[in-house]
Amino acid sequence: MKELGLLLVLGMFISFISCNQEPVSPTQQLSPTIEVIGSRNVELVNVGEGNRTFVFVHDIGADLDDWVRSNIAKELAATNQVIAYNRPGYGKSSFSQNPPTLISLAHELNKLIEKIANQDRVILIGHAWGATIARVFTVQYPEKVAGILMLDPIHEDQFEDDLNRALPSWYFANVNQASQAEIDAFNDNLLVLDTLGILPDKPVTLITAFGPVTSLERRFAAHKSLVVSLSPGGIKHYTLDQIGYQIHLESPTTVIEELFELSQKIR
C-alpha cells in the first residue's frame with residue numbers, strides 16, 4: 001500500500017509538471033520574410049508543405065514570433081504548410097491608417113490566404129483576439145476554412161454589460177501603434193460580433209484557460225455559448241485549469257496534439 005501511495009503521489013507530481021511545462025525551445029529559428037499582398041507589405045513565416053495548411057493569428061499586442069518561439073510552427077511544418085503572419089502595423093507589416101475592424105482584418109487575412117496558401121481550405125489557429133478574427137473569417141469565408149482551433153477567444157458574452165465591455169488593464173502595457181489602434185476599435189468590434197451570426201458547421205476545438213481576462217466561470221460560459229451556436233458533433237471544448245492565458249507558450253505540446261487530432265476530423 002505504501003508503494004501504491006508513492007506511485008500515486010509521483011503520478012500527480014508528473015501530471016502537474018506536464019500541465020505547467022516550459023515552452024519547447026526551438027532548435028532552429030524560422031526567419032520571417034516580407035511579401036507584398038495587395039498594396040501592403042506583410043511580414044510572415046511560410047514554411048513546410050503537405051496536405052494541410054495551418055494559418056496562425058496572434059493576439060492584440062503579440063506577433064507571429066509567438067508561434068515560432070513556442071516551436072509549434074516548426075513541429076507542424078515537418079509535414080504541413082505553416083503560415084504565421086503579422087497584422088497591419090505589427091513587426092514589419094505595413095501600418096494601415098484605416099481602423100482595424102474585424103471585417104477588414106478578415107479581408108486582409110483572406111488576401112494572404114489566397115496568395116500564400118497551398119490548399120483551398122486552411123486550418124485556422126487563433127489566440128484571444130486572433131481567435132476572434134478567425135471566427136469572423138470563418139463566417140465571412142466558410143468555403144476557405146477546413147477547421148478551427150480557438151485558444152481563449154475573446155467573446156462578446158464574457159463582459160458584464162455594455163458599460164463594461166473593456167479589455168483588461170494589462171493589454172494596455174507597452175502597446176505599439178498597431179496594438180493601440182486595435183484597442184481603440186475594440187468596442188466597435190464587439191458590436192460587429194453582436195450581429196455576426198453563427199459559425200458554419202466545421203470541426204472546432206475551443207480551449208478555455210485559467211487566465212485573467214474575466215473570471216474563469218464567466219469566460220467558460222461565454223465560450224460555451226459560442227459552442228452552442230455551432231452544429232453539434234464536431235466540437236471539442238474544455239478547460240486547462242493549470243495553464244495560464246498564454247496557452248500556446250505555456251503548453252505548446254497541447255496545441256500541437258490538438259491540431260493533429262483536429263486535422264483527423266477534416267473530410
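Which backbone nitrogen lies 3.4 Å from a polar atom of the side chain of D152? In this structure, which is a predicted model, that nitrogen belongs to A209. D152 itself sits in the loop that runs between β6, residues 145-151, and α6, residues 177-184. Is D152 buried or exposed? Its relative accessible area is 2%, so D152 is buried.

Let me turn to the aromatic residues. A search of the whole structure finds 3 aromatic pairs, and I shall present two of them. For F56 and W67, the ring centres are 4.8 Å apart and the planes stand at 40°, so this pair is tilted. It links distant parts of the chain: F56 belongs to strand β3, residues 53-57, while W67 belongs to helix α2, residues 65-69, and the two are 11 residues apart. F56 is buried, at 0% relative accessibility, and W67 is likewise buried, at 0%.

The next pair is F137 with Y141. Here the centres lie 4.9 Å apart and the planes meet at 35°, so this pair is tilted as well. F137 has a relative accessibility of 0% and counts as buried. For Y141 the relative accessible area is 16%; because the limit for a buried residue is under 20%, Y141 is also classed as buried.

I now come to helix α7, residues 186-194. Which residues of this helix are buried? They are F186, N189, L190 and L193. Why do they fall on the same side of α7? They cover an arc of only 110° around the axis, and this places them on the same side of the helix. The elements that cover these buried residues include α4, residues 102-116, α5, residues 129-140, and α6.

Finally, the nonpolar cores. The largest one has 46 residues, and within it the residues with the most contacts are L112, I113, L124 and I154. Helix α4 supplies the largest share of this core, namely 7 residues. What does I113 touch, leaving aside residues up to four places away in sequence? Its contacts are V55, V122, L124 and F137. F137 is thus a partner of I113 as well as a member of the tilted pair with Y141. There is also a second, separate core of 29 residues, and I125, V255, L259 and I266 are among them.

To close, I return to the opening contact: the side chain of the buried D152 has a polar atom 3.4 Å from the backbone nitrogen of A209.

Note on methods. Residues are numbered from 1 along each chain as its sequence is written. This is a predicted model: local features need pLDDT of at least 70, side-chain atom pairs count only at pLDDT 80 or more; totals for chains, interfaces and linings use all residues. Side-chain values use heavy atoms; hydrogens and water are left out. Helices (H or I, at least four residues) and strands (E, at least two) are DSSP runs, numbered from the N terminus. Buried means under 20% relative accessible area, exposed over 50%, partly exposed in between (1.4 Å probe, protein chains only). A polar contact is a pair of N or O atoms within 3.5 Å; within protein, one must be able to donate a hydrogen and the other to accept it, and residues adjacent in sequence count only if both atoms are side-chain atoms. Rings of Phe, Tyr and Trp (its six-membered ring) pair if their centres lie within 6.5 Å; planes under 30 degrees apart count as stacked, over 60 as edge-to-face and the rest as tilted. The arc is that of the directions from the helix axis to the C-beta atoms. Contact means heavy atoms within 4.5 Å. A nonpolar core is a set of buried Ala, Val, Leu, Ile, Met, Phe, Trp, Tyr and Cys residues joined through side-chain atoms within 4.5 Å.
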